[in-house]
Amino acid sequence: MDLVLHWSTGPGAEELGADELWGRGATAVQLGDGVLLASFPTEAATRQAASELGATVEEVDPAWQDAWKSFAEPVELPGVVVTPAWREVELGADRLSLSIDPGPVFGSGSHPSTRLLLGLLAESPPSGLDVLDVGTGSGILAVAAALLGAARVTAIDVDPAAVPVARANAARNRVAGRVEVSTTAVSEVGGDHDLVLVNLTAGVHAEVGADAAAAVRPGGRLWLAGLLPGQWRHVAGAYPGCKLVAETALDGWVGAILAKAGGVAPTGAGSVPTAARRSPREADGTGRPPARSRRGRRSGSA
Ligand SMILES: C[S@@+](CC[C@H](N)C(=O)[O-])C[C@H]1O[C@@H](n2cnc3c(N)ncnc32)[C@H](O)[C@@H]1O
C-alpha cells in the first residue's frame, strides 16, 4: 500500500489547496468535493506536508496514482505538444512533439510552471547551447531542450527516482546521447552552462539559487519557474550576480528570466521571448493572479 496525504479543504478551496500541494512538491493530486489526496516522492515528505497543513496520512491502493492516466490528454503549446507516452496521438508535422511518461515523479507537462518553461524553450530554442536542468523530475524540460537543438543537457535531481524516469524519457525521444541525468548536487555540477532551467518551489530556489547562478557562464541566462505571485521578491536575492531581464507568468504561476553579469548573451536564449512579456500584472508580485484556466475536477500528475 502507498501512503498519501488526505486534506479536507472544504468546498470551493480545492484548487487553491492543490496549488499549495504542488508548491510543496506533490507528484500527484486528486481533487474531490472539499477533499484532496496527494502523493509525494517519499513517505517522510508526505508526513511532513500533512503535519504542516494539518492534514492526515492514509494508506491507499497504489493503483490510484495511475487512475489519471486513463484520461490524460496531450498538453498543447504554441509549437510544442507533450503526449502521454501510453497514448497513441495523431500529430501534424508542424510541431515539436515530446512523448513523456512521468512515472512517480513531477513533470507530465500539465503544470503551469512546466508549460511556462516549455513555452520559452519553444519560442527561443537553445540551439547549440550547453543547458543545465535543475530539478529535472521526468526530464521533460531536458528532453525538450535537446529536441530543440541543445548541444548538451545536464539534468539533475535530488530525488533518485527521477533518474531512471528522465533517462527513459530521453531514450523514448531519441535524445539520450545528449541528455546526462544524475543526482549530482547543483553545487558540484560546474560553472559554464549557457542556459540554466530551474523549476522549483520558492523555498528551494532560495536554497539552490547561489549554486545555480554559479553554474552559468558570464552572460548566460537562467530561466526560473515555480513561484506564486509575490514570491519573486523573496527569491531575487538568492541569485547573486544576476539581473532580472523579464518576468513571466502563466495561469497564476510566476517565472523570471535572469542574465548573469559579464560575457555575451547566448543566441536564442539571449533574447527575451514574447511569452515572457505576457500578463505583466500577474507577474508583478501584486499577489493578484488572474482567473485560472483550469480543467475542472481532476486527478492528475504534474
Ligand atoms: C517542480 S518539479 C520540476 C520537474 C520538471 N523539471 C518540470 O518542469 O516539470 C521540481 C523537481 O526538483 C527536484 N528538486 C527539489 N529540490 C532540489 C534540489 N535542491 N536540487 C535538485 N533538484 C531538486 C524535485 O525532486 C522535483 O523533481
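Helix α6 hands over the largest share of the shell around the ligand, three residues. Keep in mind that this is a predicted model, where local features need pLDDT of at least 70, side-chain atom pairs count only at pLDDT 80 or more, and totals for chains, interfaces and linings use all residues. Residue numbers start from 1 along each chain, following the sequence as written.

**Overall make-up**
- The chain's secondary structure comes to eight helices and 15 strands; these are DSSP runs numbered from the N terminus, with helices being H or I of at least four residues and strands E of at least two.
- Of the 302 residues in the chain, 48% are buried (buried: 20 or more other C-beta atoms within 10 Å of the residue's own; exposed: 12 or fewer; partly exposed: in between; C-beta atoms are placed from the backbone).
- Take the contacts between residues at least 6 apart in sequence: 68% of them join residues at least 24 apart (contact: C-beta atoms, placed from the backbone, within 7 Å).

**Around the ligand**
- The ligand is surrounded by 24 residues, and the closest are G107, T114, G135, G137 and D159 (a residue is near a molecule if its C-beta atom, placed from the backbone, lies within 6 Å of it).
- Two or more shell residues come from each of α3 (112–123), α4 (140–147) and α6 (202–214).
- Sorted by class, that shell has 14 nonpolar, seven polar and three charged residues (Ala, Val, Leu, Ile, Met, Phe, Trp, Tyr, Cys and Pro count as nonpolar, Asp, Glu, Lys and Arg as charged, and the others, Gly among them, as polar).

**Helix α2**
- T46, A49 and A50 are buried in α2 (residues 43–53).
- Looking down the axis of α2, those buried residues fall within an arc of 100°, so they line one face of the helix (the arc is that of the directions from the helix axis to the C-beta atoms).
- A44, S51 and E52 sit exposed on the other side of α2.
- Cover for the buried residues of α2 includes β1 (2–8), β3 (35–39) and β4 (56–60).

**The β5-β6-β7 sheet**
- This is an open sheet of three strands in the order β5-β6-β7, with mixed pairing (two strands pair if DSSP finds at least two bridges between them).
- β5 (75–77) and β7 (96–100) are the edge strands, each pairing on one side only.
- β6 (residues 80–84) pairs with β7 in the parallel sense over five bridges, and V81 stands opposite S97 in β7.
- α3 packs on the sheet, touching β5, β6 and β7, with its direction at about 40° to that of β5 (axes are lines fitted to C-alpha atoms, for helices over the stretch in contact, and angles run from 0 to 180 degrees between N-to-C directions).
- α4 lies across β6 and β7, running at about 145° to β7.

Methods
Contact = placed C-beta atoms within 7 Å.
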